[in-house]
Amino acid sequence: MRSGTATAAGLVLGFALDRALGDPRRWHPVAGFGSAASALESVTYADRRVNGVVHEVVAVGAVVGLGYGLRRGGVAATALATWTVLGGRSLARAGREMAERLESGDIDGARALLPSLCGRDPSVLDADGLARAALESIAENTSDATVAPLVWGALAGVPGLLGYRAVNTLDAMIGYRNDRYRNFGWAAARTDDVANLLPARVAGTLTAALAPVVGGRPRNAIRAWRRDAAKHPSPNAGVAEATMAGALGIQLGGRTQYRYGTELRPTLGEGPPPEVPDLRRAVRLSEAVQLAAALTTAAFALLGNRRKD
């Protein structure tokens, strides 16, 4: 089987495995990478950017090298790598569970669940604040946890899948602007920004195109993207969140409470603040975008193979 065909088949099969099984419950490779990266940090850490660059190169380089070693495994290797790096089913499940807890008035349960979605301080959030935090996380992670791995899988096969997940995981671990990681985590944060430039825009395009799935209008999503995305401190999260807000007809952003402090985020989209029913709509739109991304990236892999011929 030719490489492009094998990549396309592996991406679709891996996506199906994620939808059917979700994340592996034990011995998850991403958790293993996180443990290895933490051990490496104990050796490489210093409050300097150059140390962070070394940390990033060693950790990501090792994973990409592993990917090159596995790429000859064809469809099976691509499918397993895709399943390993995707988080779409877990994301949708957490969003639905958050909606159920909020609908039943279980605010304490919703607060306990929020850390599985984002890093905000749940203790200061009421029901509407929890709904907004969960919805913004679903918007961003639809891109980060599903679209981006699939895009990199289509572009670079198994090394792209594993390498992207390593980059994104390191950003989640050390890409903060606090006292410890402002310098050491700089390379991780910037690498993640670059790695997500294309995928975030693919996710934004699919979100806008699929807005009618939740009763929205593509033109409203595109308008929110063009007007508001650049206001966001992240060049990529702004695209994902603005298009989701426009598609749902709501407004995201505003005062955002993290454990390390408070940020006043710019507003994205037009309309009322999100409520629990909007969270359920966001999950439906996320799942539609995920499926469209799997089919689109598989088609791209096939098209690339034909062009090489």
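Among contacts in the predicted protein model between residues at least 6 apart in sequence, 72% join residues at least 24 apart; contact means heavy atoms within 4.5 Å. Residues are numbered from 1 along each chain as its sequence is written, and side-chain values use heavy atoms, with hydrogens and water left out. Because the model is predicted, local features need pLDDT of at least 70 and side-chain atom pairs count only at pLDDT 80 or more, while totals for chains, interfaces and linings use all residues.

The protein has 13 helices and 2 strands. Helices (H or I, at least four residues) and strands (E, at least two) are DSSP runs, numbered from the N terminus. The radius of gyration is 19 Å, close to the 19 Å of the globule rule for 309 residues, so the protein is as compact as a globular protein of that length. This radius is taken over C-alpha atoms, and the rule is 2.2 Å times the number of residues to the power 0.38. Along the principal axes, the C-alpha atoms fill a box of roughly 50 × 45 × 35 Å. Buried residues (under 20% relative accessible area, 1.4 Å probe, protein chains only) make up 52% of the 309 residues.

Helix α7 (residues 127-174) meets helix α1 (residues 3-21). Their axes come within 10 Å and cross at roughly 135°. Axes are lines fitted to C-alpha atoms over the stretch in contact, and angles run from 0 to 180 degrees between N-to-C directions. The two helices are therefore oblique to each other. Angles under 35 degrees count as roughly parallel, over 145 as roughly antiparallel, 65 to 115 as roughly perpendicular and the rest as oblique. On the α1 side, the contact is made by Thr7, Leu11 and Phe15; on the α7 side, by Thr146, Leu150, Gly153, Ala154 and Leu161. By class, this contact has 5 nonpolar, 3 polar and no charged residues. Ala, Val, Leu, Ile, Met, Phe, Trp, Tyr, Cys and Pro count as nonpolar, Asp, Glu, Lys and Arg as charged, and the others, Gly among them, as polar.

The axes of α7 and helix α12 (residues 237-248) come within 8 Å and cross at roughly 120°. That makes α7 oblique to α12. Leu135, Glu136, Ala139, Glu140 and Ser143 of α7 meet Ala237, Ala240, Glu241, Met244 and Leu248 of α12. The classes here are 6 nonpolar, 1 polar and 3 charged residues.

In helix α9 (residues 186-195), the buried residues are Ala187, Ala188, Ala189, Asp192, Asp193 and Ala195. Their cover includes α3 (49-70), α7, α8 (181-184) and α10 (197-209).

Methods:
Buried < 20%, exposed > 50% of the residue type's maximum accessible area, 1.4 Å probe, protein only.
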